[in-house]
Amino acid sequence: MAFFVLVKGNINKFNFPYLKGSSSPRLADTLIHDTESSKDCKADTSGTKQKETFAIEVMSKKLVLLSPADTVRAAKDIFNFKNIHHIPLEVDNRIVGIISEKDLDQAPAKRRLVDFMQRTLLCASESTTLTDIALVFMHENIHSLPIVDDNFKVTGIVTDSDLYRWLIENDKFKKAV
C-alpha cells in the first residue's frame with residue numbers, strides 16, 4: 001500500500017505520519033518522502049480481527065480521463081452528463097493532474113484545462129486501505145483520490161461518494177448488538 005504525491009510532474013512516495021497514530025502537519029505544510037505506512041488489519045472493540053477493505057474494492061473503475069489540452073467546455077459537459085465532480089488528467093497514459101468541477105466555475109469554455117488543473121495532487125495504490133484513504137480525506141480536506149498502478153497509470157478513483165456508498169452497502173451505520 002502506498003500514497004504518492006505528484007508535484008511539478010514528479011511522482012514520489014509519500015508517508016502521512018498521522019496514519020501511524022502520531023500527530024503531523026497537513027500535506028500542504030510538509031513533504032516527507034520514501035517511508036511507508038503498513039497496516040493489514042484493525043482490531044474491533046471485541047478484540048477480534050476484521051478484514052481490511054482496500055481501494056481496489058471501492059474505487060470507481062469506469063473512468064473518464066482527459067488531457068490537459070482538452071477544453072473547459074469538454075470537461076463541463078462531462079461533469080454535467082456523467083454526474084461526476086473530478087476528472088484525472090493524463091498524458092501518455094501517466095497521471096499529470098486532476099480537474100474538479102469547482103476548478104472550472106468561472107473558467108471560459110474555450111480555454112484549455114492546463115490553465116486550471118491541479119498539478120499537485122495525491123494518488124494511492126490499489127492496495128491502500130480504505131481506513132487510510134478516509135483518514136487522508138479528513139486530514140487533507142480532499143474529496144477524491146486517483147488510484148494508480150506501478151506505472152502511475154490511473155486505474156480508478158475513490159471519491160467521498162464511494163466511501164459513503166461503501167458504508168451504506170456494508171451496514172456500517174448500525175451499532176453492533
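Are Phe16 and Tyr18 buried or exposed? Both are buried, where buried means under 20% relative accessible area, exposed over 50% and partly exposed in between, with a 1.4 Å probe and protein chains only.

1. Basis of the note. The model is predicted, so local features need pLDDT of at least 70 and side-chain atom pairs count only at pLDDT 80 or more, while totals for chains, interfaces and linings use all residues. Residues are numbered from 1 along each chain as its sequence is written, and side-chain values use heavy atoms, with hydrogens and water left out.

2. Aromatic pairs. There are four aromatic pairs in the structure. Rings of Phe, Tyr and Trp (its six-membered ring) pair if their centres lie within 6.5 Å; planes under 30 degrees apart count as stacked, over 60 as edge-to-face and the rest as tilted. One of the pairs is Phe3 with Phe16, edge-to-face, at 5.3 Å centre to centre and 90° between the planes. Phe3 belongs to strand E1 (residues 3-7) and Phe16 to the loop between strand E2 (10-14) and strand E3 (41-43), so this pair ties together parts that are 13 residues apart in sequence. Helices (H or I, at least four residues) and strands (E, at least two) are DSSP runs, numbered from the N terminus. Phe3 and Phe16 are both buried.

3. Aromatic cluster. The Phe16 and Tyr18 rings have centres 5.3 Å apart and planes at 40°, so that pair is tilted. One aromatic cluster is formed by Phe3, Phe14, Phe16 and Tyr18.

4. Salt bridges. Side chains of opposite charge can pair when their charged atoms come close. A salt bridge here is a side-chain nitrogen of Lys or Arg within 4 Å of a carboxyl oxygen of Asp or Glu, and the count is five. Among them is the bridge between Lys51 and Glu57, at 3.2 Å from N to O. Lys51 is exposed at 63% relative accessibility, whereas Glu57 is partly exposed at 44%.

5. Helix H2. Arg73 and Asp77 form a salt bridge at 3.4 Å, N to O. Both residues lie in helix H2 (residues 72-82), four residues apart, which is about one turn of the helix. Arg73 is partly exposed, with a relative accessible area of 40%, and Asp77 is partly exposed at 28%.

6. Helix H4. Arg165 and Glu169 are bridged at 3.8 Å, N to O. The two sit four residues apart in helix H4 (residues 160-169), about one turn of the helix. Arg165 is partly exposed at 35%, and Glu169 is exposed at 56%. A network of salt bridges links Asp162, Arg165 and Glu169.
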